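Reader: I'd like to walk through a few local features with you. Where shall we start?

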Amino acid sequence: MTSGISRRARVLAAAVGTGVLVPLVAVATPAAAAPPAVTCTSAKAGLAAKLKKDITAALATRKGTVAVGLYDRSTNTTCTLRASSAYDSASVVKVTVLATLLWDAKKTNRYLTDRENTLAKAMITKSDNAATSTLWKQLGMTKIKNFLKAAGMTQTTPGANGYWGLTQITVTDEQKLLKLLTAKNAVLSDNSRAYIVKLMGQVVSSQRWGTPYGVPSGVSVAVKNGWLQRSTNGWRVHSVGAFKGGGHDYVMTVLSHGNSTMNYGIATIQAVAKVIHKDLAAS
């Protein structure tokens with residue numbers, strides 16, 4: 001039996017008339033792949049383990065597919081889950097639209113026009129879709145892609161044919177953008193950064209859910225949320241936020257799809273946000 005194939009297997013293989021000699025052996029059905037784990041690192045002793053445990057527990061009973069990003073400058077803490085998984089952006093892309101507008105204006109050394117300011121404010125504070133479509137069309141794909149390149153947002157693909165809400169985004173790139181908004185850099189001017197964060201701090205109360213949930217008093221909040229229902233993967237519900245105070249300076253992204261309702265997705269995001277704010281405040 002130098003071939004390693006038993007006589008019985010030869011007979012069975014011939015019997016099925018395949019013309020190819022293949023031993024018939026039982027193959028175990030592989031177990032479902034384990035979901036990706038939350039990973040955290042921190043310069044603060046014990047903080048990474050606490051965050052990993054608490055974020056994991058917050059998601060343990062939740063349905064849907066959730067991606068998480070956290071970065072706190074003060075303790076050099078980072079947490080990620082599904083950092084490179086792509087999601088339909090829904091309205092969180094509006095922050096990218098405004099950043100592109102300001103980046104482009106800076107290149108030609110001009111201020112935004114009154115019209116652009118009005119559109120930008122409506123787009124961010126009220127999540128106005130018509131204002132977003134106007135600015136998206138004004139900018140055009142070339143400028144949007146050039147901004148993404150300048151920002152190092154290599155995992156973001158703008159939505160085609162004017163469908164900005166179908167832009168593909170990841171936690172990695174949203175965190176890159178939030179970091180650009182919250183620290184000095186060569187891509188966005190200090191005035192541009194301050195303008196975006198100011199508008200994100202003026203979002204109407206009905207849209208201030210998500211990552212700000214459970215934020216300690218005295219900590220400033222800048223937020224932009226997105227929500228979109230499609231025939232596949234149910235509701236996309238996302239929240240990006242920047243927070244400063246209480247000895248911390250952190251940015252957070254939570255993206256999700258496969259939610260049965262918008263409110264279900266909101267509850268999932270807020271379960272994650274609550275433990276992150278709590279753990280950082282206690283550190």
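Author: With the labels: helices (H or I, at least four residues) and strands (E, at least two) are DSSP runs, numbered from the N terminus. Just past H3, Asn 109 has a positive phi of about 55°. This is a predicted model, where local features need pLDDT of at least 70, side-chain atom pairs count only at pLDDT 80 or more, and totals for chains, interfaces and linings use all residues. Residues are numbered from 1 along each chain as its sequence is written, and side-chain values use heavy atoms, with hydrogens and water left out.

Reader: Is H3 buried or exposed?

Author: Buried means under 20% relative accessible area, exposed over 50%, partly exposed in between (1.4 Å probe, protein chains only). In H3, 13 of the 15 residues are buried, so the rest of the structure largely encloses this helix.

Reader: And how do I read the two faces of a strand?

Author: In a regular strand, side chains alternate between the two faces of the sheet. In S8 (residues 248-257), both faces are covered: one side includes Tyr 250 and Met 252, the other Val 251 and Thr 253, and these are buried.

Reader: Which strands pair with S8?

Author: Two strands pair if DSSP finds at least two bridges between them. S2 (residues 65-72) runs antiparallel to S8 over 8 bridges, and S7 pairs with S8 in the antiparallel sense over 7 bridges. Thr 253 is the bridge partner of Gly 69 and also stands opposite Val 240.
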